[in-house]
Amino acid sequence: MALSLRSLPILLATLFLRTEASTFIHSRAAYYPNSDEHGTDVGACGFGSFGATINGGDVSAASALYRNGVGCGDCYQVRCTNGHYCSDKGVTVVITDSGSGPSTDFILSRRAFGRMAQTKDAAASLLALGVVDIEYRRYPNKNITIKIDENSNYPYYLAFVLWYQQGDKDITAVQLCETRNFACKLLDRSYGAVWTTTSPPSGPLSLRILLSGEDGDESWIVPVNNIPENWKAGETYDTGVQIDV
C-alpha cells in the first residue's frame, strides 16, 4: 500500500518531544517467582530471548497495560510505596510480556523488583513480601530501537520489533519508506511489537511512526536515523529519538 507523505501530518523528531511529566497511577506489582534475576526468555511481545535482558533485565509483564500487544516496549517508572523499604526513584522497566497476578498491573523480573528498594537488605524484604503497592507512570528511558527479526530474509521479507517506547501515546501504525522517492508502505502488526512486510522497499529506509492518544489525538513522527540499505537479520538500529508526549 503506497501512501503519499503530502497527505500526512508529519512531525520531524530530531530531539526529545517533551511535555510535563505524567502523573503517577497507583497499583500493585508482583515478580516472576520461578525465574532468575531477569525476565522470561519467551514473551508475548515477540522480543525473543533478548526480552529477558533488554534494559539490563529491568523488564516486566503487564496485564491490562499489555493491551493486545500495543503496550509492548513501553517504558514505565515503577516505585513501591512502602517508605521503610522503597526508594523514591524506583526502577524503569520495559514491557516485554503479558501476564497477570493478584490485582497487579506489573509482574516484574526479580532484578527489577529488588531495584525498587533502598538497600540490598530492603530488597530481600520486598522479595519476601512478593506483592507490593506501587505507583507508576510512562517514562522516557532510551532511544526507540529497531531490532530486525532473525526470520527476516533480505530483500524479500522484513520483520522487526520496536524497543523502548515512551510517552503517553501508543504506536498504532508504522510505515516503511524509500528515502530516494518517498514511496511508503504500511506495515502489518503481526503480534505484540512485531511489524512485518513482504517485498519491502529497496535502498536506505526510513520509518514513519503513528502515535495515538486516548483522546483521539494522532501525530506521525520521523526518526532521525534510517535503516541501512543492506539491513541484516538480527541487527539493531537506533532511531535517534525518544518520545515523551
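Predicted model: local features only at pLDDT ≥ 70, side-chain atom pairs only at ≥ 80, totals over all residues.
**Pocket, lining by strand.** Strand S9 (residues 132–138) gives the most to the lining, with 3 residues.

**Pocket, size and residues.** I looked up the volume next, and the largest pocket comes out at about 390 Å³. Its lining holds 16 residues. Nearest the centre I find Ile25, Arg138, Asp168, Lys169 and Glu214. Sorted by class, the pocket lining splits into 8 charged, 4 polar and 4 nonpolar residues.

**Cavity.** How many cavities of 30 Å³ or more does the whole structure have? My search turned up 1. The largest cavity has about 70 Å³ of space in it. I noted Gly69, Val70, Cys72 and Asp74 in its lining, along with Leu162, Gln165 and Ile171, and then Arg189, Ala193 and Trp195. The class count for this cavity lining reads 6 nonpolar, 2 polar and 2 charged.

**Barrel.** Back to S9, to see which sheet it sits in. I traced a closed barrel of 6 strands in the order S4-S8-S5-S7-S6-S9, and the pairing is mixed. On average, neighbouring strands of this sheet are turned by 45 degrees against each other, direction ignored.

Which residue of S8 is the bridge partner of Ala62? I get Phe106.

How values were computed
Residues numbered from 1 in each chain as written. Heavy atoms only, no water. 1 Å grid on protein atoms, 1.4 Å probe; cavity = no way out; pocket = protein on both sides within 12 Å on 5 of 7 lines; lining within 4 Å. Points joined across faces, edges and corners; volume = space filled by probe spheres on them. Nonpolar A, V, L, I, M, F, W, Y, C, P; charged D, E, K, R; others polar. Helix = DSSP H or I, 4+ residues; strand = E, 2+ residues; numbered from the N terminus. Pairing = 2+ DSSP bridges. Axes fitted to C-alpha atoms, helices over the stretch in contact; angles between N-to-C directions.
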